Amino acid sequence: MHGSRPLKAHRNNRKSTGMRTHDRQSIHGQWSSRLTFIMAATGAAVGLGNIWKFPYLTGIHGGSAFVLVYMLCVAVLGIPMMMAEVMLGRRGRQTPINTMRTLAKEANAGQGWQLIGWFGTLAGVLILSYYSVIGGWTIGYIVHAATGDFSGLSGDGATSLFGDFVGNPWIQVAWHTAFMLITMFIVARGVQSGLEKAVSYLMPALLVLLLVLVGYAMTTGYFMQGLAFLFTPDFSHFSGTSMLTAMGQAFFSLSLGMGTIMVYGSYLPKDISIAGTSVAVALSDTMVALIAGMAIFPIVFANALIPGAGPSLIFETIPVAFGHMAGGTFFGTLFFVLLLIAAWTSSISLIEPAVTMMIEKFNMTRRTAAVWTGLVTWLLGLGTAFSFNVWAEVKMGGLTFFEQIDFLTSNLMLPIGAIGMAIFAGWVMSKHVSREELGMNSAAGYFIWHALIRVIAPIAVSIVLLHAIGLF
Ligand code: PHE
């Protein structure tokens, strides 16, 4: 990103030159190219959600049916929602709260719409609070891998290694703190070209390493069983909650419904196609999740691990695989380094709405904004760090602190945020504006998008939500 202008100059400029509203510039900068945006948005999208969460949720919800519903949600809801969110962001060019306020004013609608921005900003902070703890696990596992702890590890050995690791509250807090520090360090500096460049090498490297793991999974003799688990339709373990979880996971994995993509869209140059980039990001994100599943489940079956193990799943399977591979210490270390990077590029984006909010609303410098948001998020994260040990038995409605925050954000806040954005983009914003901002040449394409965002998305998401909370 480059070129930032002070807020005041930007306001004066608009007044004095009578600049048309859709020529707004973000005070925080702009992506240098289409590819940079795709890289950054993919960096935000591809994270722990794909490699850690998608496989374990698939395991809990019985496999293929979950995968099928997930893919359907990405195609029918995810892609149009991503287009809408990028479009709102680019039109408003500010922090999600101010973007929604400006766009509502432009559409002569009430100021209540800015609640979407507040809600999303809060969701980002809540998600990062636990994301940072899991990000910390990846750092801890880099150390385990590098010191040879995986070599010759059995399934049981991996389970107890992980148990000891999360069972120690001090270790949890230490790695959580480390992850939060590296996140805030980058955020405080602004998302510089260094990160953009780093991501453009590291994401492909992660993909290659995942493919190496798929190669290993093929040698376990359980590859077909893994594939069958992922792709042969079986609805026997599938419930209303599974449906909600699949939908929530689609929003989570694509980073939708909370303003991240809106902020990233606000840095997008005017002449870039929103539809093409959204499809590219959604496809790469889904591909990474599926490849992760293909790498992990054969190893699960080969080592008699349990697919429904939950959040510990990849931390119990990947070490076994590397423990039996030639050069496993090296590749294992590399794998967790890359996973850390994937988590890192997502964590930066999770906090961006809150940081830009503090800058715009309270006139803070980026650094001060980063310190405050980081501190609050870190404190909240302690709840998750302890929910795997000293607070493991402290439950509300049968869920630990971590599970509460995860359910609240992925399954409720993101879908609700997405409904709000869909209604705004489909009903409140005039067709003329959305069409112009999306810049779609194809009338049919625009028609389909508009129908999906105006009717299908709000209805489908509401039905799943209401069903899951037991209203019918
Ligand atoms: N999409 C990220 C992942 O899959 C998580 C995320 C959610 C990032 C929401 C930003 C916003 O890991």
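In this predicted model, at least two residues of the lining of the largest cavity are supplied by each of α2 (34-45), α3, α6 (114-146), α11 and α15 (328-362), where helices are DSSP runs of H or I with at least four residues, strands are runs of E with at least two, and numbering starts from the N terminus. The largest contribution to this lining, 3 residues, is that of α15. A cavity is here a set of points, on a 1 Å grid over the protein atoms alone, where a 1.4 Å probe fits but cannot get out, and lining residues have an atom within 4 Å of a point. The largest cavity has a volume of about 120 Å³, a volume being the space filled by probe spheres set on grid points that are joined across faces, edges and corners. Its lining comprises 16 residues, with Ala 44, Phe 252, Ser 255, Ser 346 and Leu 350 nearest the centre. By class, 9 of the lining residues are nonpolar, 7 are polar and none is charged (Ala, Val, Leu, Ile, Met, Phe, Trp, Tyr, Cys and Pro count as nonpolar, Asp, Glu, Lys and Arg as charged, and the others, Gly among them, as polar). The structure holds 3 cavities of 30 Å³ or more.

Residues are numbered from 1 along each chain as its sequence is written. Local features of the predicted model need pLDDT of at least 70, side-chain atom pairs count only at pLDDT 80 or more, totals for chains, interfaces and linings use all residues, and side-chain values use heavy atoms, with hydrogens and water left out.

A pocket, in contrast to a cavity, is an open set of points with protein on both sides within 12 Å along at least five of seven lines. The largest pocket has a volume of about 460 Å³, and of the 23 residues that line this pocket, Tyr 56, Leu 57, Ile 60, Glu 403 and Asp 406 are the closest to its centre. Two or more lining residues come from each of α3 (48-60), α7 (155-167), α11 (240-253) and α17 (401-428), with the largest share, 6 residues, belonging to α17. The lining of the largest pocket has 10 nonpolar, 10 polar and 3 charged residues.

The protein as a whole has 19 helices and 0 strands, and its C-alpha trace spans about 70 × 45 × 40 Å along the principal axes. Of the 472 residues, 59% count as buried, that is, under 20% relative accessible area with a 1.4 Å probe and protein chains only.

Methods:
Buried < 20%, exposed > 50% of the residue type's maximum accessible area, 1.4 Å probe, protein only.
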